[in-house]
Amino acid sequence: MAIVIIRQDTKIEAWKNALLKANPKLNVYSYLEEHPKEEITMALIWKHPQGSLSAYPNLKCIASAGAGVDYIFDDKSIAENITITRVVDPYLASDMSEHVLAVIFTELKNFNTYKVQQLQVNWNPKAYRRISDVTIGIMGLGELGSLTSSDLVNAGFKVQGWSRSKKEIDGVSTFSGDAGLQHFLKETDFLVCLLPLTPDTYGILNTALFKQLPKGAYVINVARGGHLVDADLLYQLNNNHLSGACLDVFHQEPLPSSHAFWKHPNVFMTPHYASVSDTNSVIPQILENYTNLMEGKDLLHIVNRIKGY
Ligand code: GLV
């Protein structure tokens, strides 16, 4: 039995070394080196080349190196009987929560406006807002959304949450389903998308939804580019219904240089780096699952193929 690491960025060696450091006896390969395909039972992947997993006739588990698994479901060549797991990690959740809080405070205190003005040598005070002035709405109350909601409550914000099925989180007003969405949106000043990307949530951030937000609302998408209809966001920014947006994720990454988001004064972009898997923190759960796989035991963090997350 062996593990293959498949990803198209520069992190393969770091993951391989971290796995070997944790267990020097492990049979672990990069997909780019010569390796015995029939020995591979687990693939540790992140945005793999589509079709590349078909090379492994004895593959039993595909372990996503991140929380998201939408890119795995995009690959129609993957056999139904292979178990898919994802990462559930406290740093992944706390890094995301810190990112969202930083964005909200930056916006409340006009820091982006001041940075632009500074470069123009322009001294021009602008009214700031307080925690008590705004309501934050979190879409998606999984691991990341729940922690972010609780951290915002602890910081003193009024927080609402929306999810597919009803959730209870201390201090958070929660809503679910289509009926709940309407009530959730009408009080939301900062909308944070932390939903999993599935056929049901693809394009959910669209004109119909934006129109239900109060005028001047701000949109933060830290989930997946596929949640957002780019043209609808641009329209609502340009007609001043929305005051701004902070985007970490895009339909195509890196975002093509011709895209209107790059130069838009009210769009603040980060390069899909709100929260990334910390190798050292994540390796123990990968190894535990590999051992479980070898011993025929249940795996941790199995993805539900019907729900898509
Ligand atoms: C990052 O986008 C992840 O899904 O872990």
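A residue is called buried when its relative accessible area is under 20%, exposed when it is over 50%, and partly exposed in between, using a 1.4 Å probe and the protein chains only. At 8% relative accessibility, T135 therefore counts as buried. The structure is a predicted model, in which local features need pLDDT of at least 70 and side-chain atom pairs count only at pLDDT 80 or more, while totals for chains, interfaces and linings use all residues. Residues are numbered from 1 along each chain as its sequence is written, and side-chain values use heavy atoms, with hydrogens and water left out.

**Buried residues in strands**

- T135 lies in strand 6, where strands (E, at least two residues) and helices (H or I, at least four residues) are DSSP runs numbered from the N terminus.
- Not counting residues up to four places away in sequence, T135 touches K158, Q160, E187, T188, D189 and F190, and contact here means heavy atoms within 4.5 Å.
- I6 lies in strand 1, which covers residues 2-7, and I6 is buried, with a relative accessible area of 0%.
- Among the residues that I6 touches, not counting those up to four places away in sequence, are Y31, W46, S52 and Y56; the C-alpha atoms of I6 and S52 are separated by 8.4 Å, although these two residues are 46 residues apart along the chain.
- Y218 has its place in strand 10, residues 217-221, and is buried, with a relative accessible area of 3%.
- Leaving aside neighbours within four places in sequence, Y218 is in contact with residues including V103, D189, F190, A245 and F268; Y218 and A245 are 27 residues apart in sequence and 5.5 Å apart in space, C-alpha to C-alpha.

- The expected span of a helix is 1.5 Å times one less than its number of residues, so the 12 residues of helix 5 (residues 143-154) should span 16 Å, which agrees with the 17 Å between its end C-alpha atoms.
- The buried residues of helix 5 are L144, G145, T148, S149 and L152. They cover an arc of only 125° around the axis, which puts them on the same side of helix 5, the arc being that of the directions from the helix axis to the C-beta atoms.
- These buried residues of helix 5 pack against helix 3 (90-108), strand 6 (135-139), strand 7 (158-163) and strand 8 (172-176).
- In helix 6, residues 177-186, the buried residues are G180, L181, F184 and L185. Seen down the axis of helix 6, its buried residues fall within an arc of 130°, so they line one face of the helix.
- The buried residues of helix 6 are covered by elements that include strand 6, strand 7, strand 8, strand 9 (190-193) and helix 7 (207-210).

**A pocket and a cavity**

- On a 1 Å grid over the protein atoms alone, a cavity is a set of points where a 1.4 Å probe fits but cannot get out, whereas a pocket is an open set with protein on both sides within 12 Å along at least five of seven lines; lining residues have an atom within 4 Å of a point.
- Grid points are joined across faces, edges and corners, and a volume is the space filled by probe spheres set on the points.
- The second largest pocket has a volume of about 550 Å³ and is lined by 22 residues, of which N112, T113, P265, N266 and F268 lie nearest its centre.
- Helix 4 gives the most to the lining of this second largest pocket, with 6 residues.
- The lining of the second largest pocket divides into 11 nonpolar, 7 polar and 4 charged residues, where Ala, Val, Leu, Ile, Met, Phe, Trp, Tyr, Cys and Pro count as nonpolar, Asp, Glu, Lys and Arg as charged, and the others, Gly among them, as polar.
- A search of the whole structure finds 1 cavity of 30 Å³ or more, and about 50 Å³ of space lies in the largest cavity.
- Helix 9 gives the most to the lining of the largest cavity, with 3 residues.

**Backbone features in loops**

- A cis peptide bond, with omega about -5°, joins E253 and P254, and P254 is in the loop between strand 11 and strand 12.
- N240 has a positive phi of about 65° although it is not a glycine, and N240 lies in the loop between helix 8 (230-238) and strand 11.
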